[in-house]
Amino acid sequence: MSARTLPLLFLNLGGEMLYILDQRLRAQSIPGEKARKGERCAAPSAPVMNDIISTMFNRKFMEELFKPQDLYSKKALRTVYDRLAHASIMRLNQASMDKLYDLMTMAFKYQVLLCPRPRDILLVTFNHLDAIKDFISDSPGILNQVDETFRRLIETYNPLSDGEFQLIRQTLLIFFQDMHIRVSIFLKDKVQNSNGRFVLPISGPVPWGTEVPGLIRIFNHKGVEVKRAEFTTAGNYVTPQREGSFELYGDRVLKLGTNMYSVTRPVETHMSGSSKNLASQAKENIAPNPLAKEELNFLARLLGGLDIQKPAGGESGFRLNLFTTDEEEEHAAQTRPEELSYKIINIEATQEPARRAELSRILGELDVAEPRPGSAEKGEDLLALMDGL
């Protein structure tokens with residue numbers, strides 16, 4: 001596995017999350033003053049999208065994220081996104097949060113599968129960040145946070161070899177391999193089968209730097225071409241006109257990672273039969289995915305860096321529904337397989353006893369397994385780490 005995969009996974013999933021939330025805020029006609037500019041009350045609250053993006057690109061958070069490390073479990077990442085999605089006055093209930101995470105993961109999985117070459121995963125990430133910058137174009141401070149992350153990405157990933165990007169792609173595919181959730185957009189576009197597996201095209205642009213298939217060249221031992229043979233291909237391939245820009249500003253050319261919700265249409269998710277069977281068979285040993293000690297150290301650092309906005313005064317915020325109606329949301333909550341649902345974890349760090357009690361509760365919920373050999377040395381003691389946050 002690649003130790004450089006986590007930032008790309010987090011940023012791309014976060015970008016998809018912001019696309020979905022923006023679309024739902026518009027679809028539910030959340031008043032602009034509430035969703036974008038904050039409700040007017042005793043102390044004006046910050047914009048929903050601005051709050052989430054500011055939290056997501058927190059400097060300390062990014063510093064922890066970009067440290068070379070293995071990918072962590074789906075449950076650990078899901079916990080971070082639960083925390084992130086509630087970084088404003090907006091609230092999602094269990095079923096909507098489940099649906100949000102399903103849409104995020106399946107969208108990015110499809111993008112990874114379609115990347116013409118492994119290095120193009122970086123262009124997908126840049127497309128997400130370009131769109132995020134549009135969301136906060138009127139907030140220079142937050143925009144600077146995103147640009148700082150942009151530069152960190154360029155500095156970290158542009159020098160990597162094609163082989164290293166291939167390893168990153170394989171690590172991402174391993175992470176997504178057991179996830180086969182049907183999404184209405186993909187089903188309607190016929191790019192996903194009824195079992196939740198994607199249909200990959202056999203036509204279109206070939207990867208930059210390669211030639212359209214159809215010609216075989218034969219060389220002798222001196223490297224001189226001695227024969228050519230042509231063959232017919234099943235697809236209709238074309239050569240890309242230019243390579244996408246890997247700089248801070250520029251034309252990415254590749255469209256993967258752009259906002260597919262810009263055209264309003266309903267989006268539903270359904271558990272495929274294979275996913276249900278897999279969940280029933282595994283059941284994660286009748287417990288959540290076990291997290292090794294270094295994962296909890298990582299999670300503690302991340303959660304410590306996420307400062308959740310509290311509604312000002314007596315304002316309780318507003319609820320965002322990712323379903324068409326409240327009845328659909330309630331039905332989804334009742335029919336969701338128990339082993340695939342997650343609890344939203346909120347950490348109150350105002351007082352020392354409360355912090356320790358909350359941490360103990362989390363540790364009990366996560367059902368920590370014994371750390372792998374040598375893992376204990378990778379981080380400080382968890383309680384000490386939390387005390388320092």
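Throughout this tour, a residue is called buried when its relative accessible area is under 20%, exposed when that area is over 50%, and partly exposed in between, with a 1.4 Å probe and protein chains only. The structure is a predicted model, in which local features need pLDDT of at least 70 and side-chain atom pairs count only at pLDDT 80 or more, while totals for chains, interfaces and linings use all residues. Residues are numbered from 1 along each chain as its sequence is written, and side-chain values use heavy atoms, with hydrogens and water left out.

**The whole chain**

Begin with the complete chain in a cartoon view. It has 15 helices and eight strands; these are DSSP runs numbered from the N terminus, helices being H or I of at least four residues and strands E of at least two. Of the 389 residues in the chain, 49% are buried. The accessible surface, computed by the Shrake-Rupley method with a 1.4 Å probe and with only the protein chains shown counting as cover for residues, comes to about 19,000 Å², and 52% of it belongs to carbon and sulfur atoms. A contact means heavy atoms within 4.5 Å. Among contacts with a separation of 6 or more, 78% are between residues 24 or more positions apart.

**First stop: the aromatic pairs**

A search of the whole structure finds twelve aromatic pairs. Rings of Phe, Tyr and Trp (its six-membered ring) pair if their centres lie within 6.5 Å; planes under 30 degrees apart count as stacked, over 60 as edge-to-face and the rest as tilted.

Select Phe10 and Tyr81. Their ring centres are 5.3 Å apart and their planes stand at 20 degrees, so this pair is stacked. Phe10 belongs to helix α1 (residues 6-27) and Tyr81 to helix α5 (residues 74-85), so the pair ties together parts that are 71 residues apart in sequence. Both Phe10 and Tyr81 are buried.

Next, select Phe108 and Phe176. This aromatic pair is edge-to-face, with 5.8 Å centre to centre and 80 degrees between the planes. Phe108 lies in helix α6 (residues 94-114) and Phe176 in helix α9 (residues 162-176), so parts 68 residues apart in sequence are tied together by the pair. Phe108 and Phe176 are both buried.

**Second stop: charges over rings**

A charge sits over a ring if NZ of Lys or CZ of Arg is within 6 Å of the ring centre and within 35 degrees of the ring normal. Select Lys74 with Phe175, where the charged end of Lys74 sits over the ring, 4.8 Å from its centre. Then select Arg152 with Phe66; here the charged end of Arg152 sits over the ring of Phe66, 5.5 Å from its centre.

Select residues 120-135, which form helix α7. Of its 16 residues, 14 are buried, so α7 is largely enclosed by the rest of the structure.

Within α7, select Ile121. Ile121 is buried, with a relative accessible area of 0%. Beyond its neighbours within four places in sequence, Ile121 is in contact with Leu8, Val112, Cys115, Arg169 and Leu172. The C-alpha atoms of Ile121 and Leu254 are separated by 9.9 Å, although the two residues are 133 apart along the chain.

Move along α7 to His128. His128 is buried as well, with a relative accessible area of 0%. Not counting residues up to four places away in sequence, His128 touches Asn12, Gly15, Glu16, Tyr19, Gln111 and Gly257.

Now select helix α3 (residues 48-56), where eight of the nine residues are buried, so that α3 is largely enclosed by the rest of the structure.

Select Gln192, in the loop between α10 (184-188) and β3 (204-205). Is Gln192 buried or exposed? At 4% relative accessibility, Gln192 counts as buried. Residues that Gln192 touches, aside from those up to four places away in sequence, include Met106, Ile181, Phe186 and Phe198.

Finish at Leu215, in strand β4 (residues 215-219). Leu215 counts as partly exposed, at 30% relative accessibility. Leu215 and Arg228 are 13 residues apart in sequence and 7.1 Å apart in space, C-alpha to C-alpha. Leaving aside residues up to four places away in sequence, Leu215 touches Arg228, Ala229, Glu230 and Phe231.

How values were computed: Expected span 1.5 Å × (residues − 1).
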